[in-house]
Amino acid sequence: MEDWLVKRMNRKKQLILHGITLFVTMIILLVVTGLFILKSTVLSKNYVINLIKNNEYYQVIYDNIKDEMLYYIPQSGFSNDIIDDTFTLDEVTKDVNNVIKNVYSGKKSQIDSSIFEERLNTKIDNYVVDNNFVITNKDELFKFTDEMAKIYVNKITISGYANKIASYVIKIIKIINVIFIISILLLIAILLFNLKFFKFRQMGSVLFNNTLLLIILNIWIKNVIPINNIFIYNDIISMIIKDIVLGILSYMIILGIIYLILGIILVLITNREKKK
C-alpha cells in the first residue's frame with residue numbers, strides 16, 4: 001500500500017514538473033518568436049530598406065522634397081524650373097539609405113548638400129543672365145539657397161529626428177540581441193531537459209498553443225491598432241510604419257503555420273512511438 005502511494009505521489013510530482021516545463025517552454029518559445037519577428041522587421045535595416053525600395057517610397061520622398069521647394073520658390077521671384085536637375089532620384093535614394101544605415105548603427109547622419117547648392121547657384125546665375133533678373137539683396141539670394149538646402153536635408157533626415165533616435169535604436173538592438181541569445185539558450189536547455197526526462201511528450205501541444213497565441217495576438221493587434229489610419233510625423237513615415245506593422249502580422253501568421261505543421265509532426269511521431 002505504501003509503495004503504491006509513493007509511486008502515485010512520484011507520478012503526481014512528475015506530472016506537475018512536466019506541466020511546469022511545458023508552460024515555461026511555451027512562454028520562452030513565444031518570447032523567442034516575438035524577438036525573432038522584431039529582429040527580422042523593424043529592427044532590421046535591410047528589411048526597412050527593401051520595404052522602402054519595393055514600395056517605391058524613394059520616389060515619394062523625391063516628390064515631397066520637390067513639392068516643398070516649389071511651395072517656397074514663388075516667394076523668391078524665381079520660376080519653378082529653377083530647381084530642375086539640382087538633385088536626382090538616385091541621390092535621394094543614396095542619402096536615404098545612408099541615413100537608415102546610420103540610424104541602425106547608432107551614428108549621426110551628415111547630408112552633404114554642397115553639390116545641390118552648387119547646381120542651384122549655377123541655375124540661379126543662368127536665370128539672372130537669361131531673364132535680366134535684378135538682385136538687389138544678395139543676402140536674400142544666399143537665404144534662398146540655404147532654405148532650399150535645408151528642405152532637402154530635413155526631408156531626408158526627417159527634420160533631424162533620424163539623428164535623435166539613432167543612439168536609442170542601437171541600444172534597443174543590443175538589448176534585444178542579448179535577450180534573444182539568452183532566450184535561445186534557455187529554450188535549448190529546457191528542450192534538452194524535456195528530452196531526457198519526458199521524451200518530448202506533449203511538445204506538440206506547446207507548438208499548437210503558440211500557434212493559437214500568435215493567431216489571437218494577430219487578431220488583437222488588428223482590432224486595437226487602426227493600421228490604415230496610422231499617422232506619425234508625415235505621410236511617408238506613416239506609410240512605412242503601416243507596412244512594418246503589416247509585415248509583423250504576416251510573420252506571425254507564417255510562424256504560426258510553421259509551428260502548427262511541426263506540432264502535427266511531433267504528435268504523429270509521439271503516437272507512433274506509443275503504439276510500439
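Helices are DSSP runs of H or I with at least four residues, numbered from the N terminus. On that basis, the largest share of a nonpolar surface patch, 8 residues, comes from helix 9. The structure described here is a predicted model.

**Nonpolar surface patch**

The patch is formed by I215, I219, I253, I254, I257, I258, I261, L262, I265 and I269, which together have about 840 Å² of accessible area. Helix 8 (203-224) and helix 9 (235-275) are the elements that each give two or more residues to the patch.

**Packing of helix 3 and helix 4**

Helix 3 (residues 57-72) packs against helix 4 (residues 89-105) at an angle of about 110°, and their axes are 9 Å apart. Angles of 65 to 115 degrees count as roughly perpendicular, so helix 3 is roughly perpendicular to helix 4. The residues that make this contact are set out below by helix.

| Helix | Residues in the contact |
|---|---|
| Helix 3 | Y58, Q59, I61, Y62 and I65 |
| Helix 4 | L89, V92, T93, V96 and N97 |

By class, the contact residues divide into 7 nonpolar and 3 polar, with no charged residue.

**Salt bridges**

The structure holds 4 salt bridges. In one of them, D84 pairs with K66, and the closest N and O atoms are 3.9 Å apart. Because D84 lies in the loop between helix 3 and helix 4 while K66 lies in helix 3, the pair ties together parts that are 18 residues apart in sequence.

Conventions
Residues numbered from 1 in each chain as written. Predicted model: local features only at pLDDT ≥ 70, side-chain atom pairs only at ≥ 80, totals over all residues. Heavy atoms only, no water. Axes fitted to C-alpha atoms, helices over the stretch in contact; angles between N-to-C directions. Parallel < 35°, antiparallel > 145°, perpendicular 65-115°, else oblique. Contact = heavy atoms within 4.5 Å. Nonpolar A, V, L, I, M, F, W, Y, C, P; charged D, E, K, R; others polar. Patch = residues over 30% accessible without salt bridge, like charges linked within 9 Å, V, L, I, M, F, W, Y side chains within 5 Å. Areas by Shrake-Rupley, 256 points an atom, 1.4 Å probe, with all protein chains shown as cover. Salt bridge = Lys/Arg side-chain N within 4 Å of Asp/Glu carboxyl O.
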